[in-house]
Amino acid sequence: MLKIPVHQVAGHHAGDRKLGPLVDDSGRFYKPLQSDDRGSNELSFYTSFSSNMKIPDHIRRFFPTFHGTQLLEASDGSGLLPHLVLQDLSMGHLNPSIMDIKIGSRTWPPQASEDYVAKCLKRDRESTSVPLGFRISGFQIYRTKETGFWKPNRQFFLSFSADDVRSALRKFVSSNGSADSDPDCAFASVVYGGSTGILAQLLELKAWFEDQTIFHFYSCSVLMTFEKELALEGRSSGAEIKLVDFAHVVEGRGVIDHNFLGGLCSLIKFISEILTTPDECYPPKSCLQDSEKSHFCSDDGVNE
Ligand SMILES: Nc1ncnc2c1ncn2[C@@H]1O[C@H](COP(=O)(O)OP(=O)(O)OP(=O)(O)O)[C@@H](O)[C@H]1O
Ligand SMILES: O=P(O)(O)O[C@@H]1[C@H](O)[C@H](O)[C@@H](OP(=O)(O)O)[C@H](OP(=O)(O)O)[C@H]1O
């Protein structure tokens with residue numbers, strides 16, 4: 001039976017006459033082909049990527065497996081619609097902490113219409129995309145069996161500053177991740193660090209982006225996932241990164257994807273800093289007047 005994915009942290013959500021992805025029990029994620037050319041573009045990307053022999057296996061593992069398309073009843077009740085059939089990345093996870101980070105200071109592809117450029121440019125300027133080269137689109141952070149996930153709604157992320165981003169990346173790997181707590185970065189070394197941790201994976205992806213000129217990944221996200229309960233048991237935290245959302249990927253035409261690469265380098269720097277200074281707090285509370293306190297000092301926008 002098809003269900004609404006419980007671990008989706010960003011993007012278009014299914015339900016109540018809304019079009020969004022669905023999942024089944026066998027580990028497949030069904031993403032409806034979006035209107036305009038977004039759906040067909042994402043399908044072209046998956047088709048081309050799946051058959052491209054130049055993609056090394058150690059890079060292919062960062063992408064969801066593609067199983068073609070299937071006609072399904074759309075979640076908005078509009079009838080049969082083609083869906084991309086993808087690997088469900090949350091399959092096998094019990095209580096995953098997940099963060100969606102949209103990479104690139106610019107989120108529109110070169111051939112986009114003036115209206116679309118204007119919409120994206122506004123959003124890129126108002127968010128951290130322009131200053132940082134990436135923005136956090138959403139997350140869920142597992143706390144405890146009793147309190148479940150901290151999963152703020154979309155509004156919460158819209159006005160994030162660079163310090164909010166720093167703080168969120170710290171809270172993501174803290175034992176006490178919530179709106180008003182000081183991050184302790186208890187899991188930073190097991191999740192971000194180590195030879196197979198998130199930083200090592202990002203560096204592996206970066207090495208490929210320094211060379212590949214096949215695709216340009218506009219508006220694509222890095223999805224970071226780990227299991228806090230595994231980390232607490234002292235076992236491998238299952239930390240992994242995957243890339244999602246290829247609706248705006250275009251051909252690279254022999255040029256490196258400097259937009260994605262720049263954003264990736266910036267994210268790598270933020271995560272490296274957490275590993276070298278896990279005790280620092282952002283924003284430093286001593287520097288803040290009451291009136292200046294960020295999102296993280298209130299419960300605004302928190303969807304408990
Ligand atoms: N293959 C997958 N398996 C599991 N979850 C996924 C998968 N692909 C995407 N998701 C979840 O769905 C969210 C949105 O995905 P995606 O960005 O592809 O959708 P979208 O509606 O095109 O987003 P946007 O509005 O940003 O364009 C991701 O943040 C992630 O939580
Ligand atoms: O990052 P946010 O704040 O969630 O903003 C969304 C994001 O830019 C998506 O990429 C975009 O979908 P497309 O990439 O498919 O255009 C969506 O537009 P939409 O709501 O008009 O679909 C925006 O709302």
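## A tour of the two ligand sites

Begin with ligand 2, whose shell holds, by class, two nonpolar, three polar and six charged residues (Ala, Val, Leu, Ile, Met, Phe, Trp, Tyr, Cys and Pro count as nonpolar, Asp, Glu, Lys and Arg as charged, and the others, Gly among them, as polar). This is a predicted model, in which local features need pLDDT of at least 70 and side-chain atom pairs count only at pLDDT 80 or more, while totals for chains, interfaces and linings use all residues. Residues are numbered from 1 along each chain as its sequence is written, chains are lettered from A and ligands numbered from 1 in the order in which they are written, and side-chain values use heavy atoms, with hydrogens and water left out.

Select the residues around ligand 2, among them His 12, Lys 102, Arg 135 and Ser 219 (a residue counts if one of its heavy atoms lies within 4 Å). Then display Arg 38, where a polar side-chain atom lies 2.6 Å from an oxygen atom of the ligand, and Tyr 116, where the corresponding distance is 2.7 Å.

For Lys 102, a polar side-chain atom lies 3.3 Å from an oxygen atom of ligand 1.

Methods. Polar contact = N/O pair within 3.5 Å; in protein donor to acceptor, adjacent residues only side chain to side chain.
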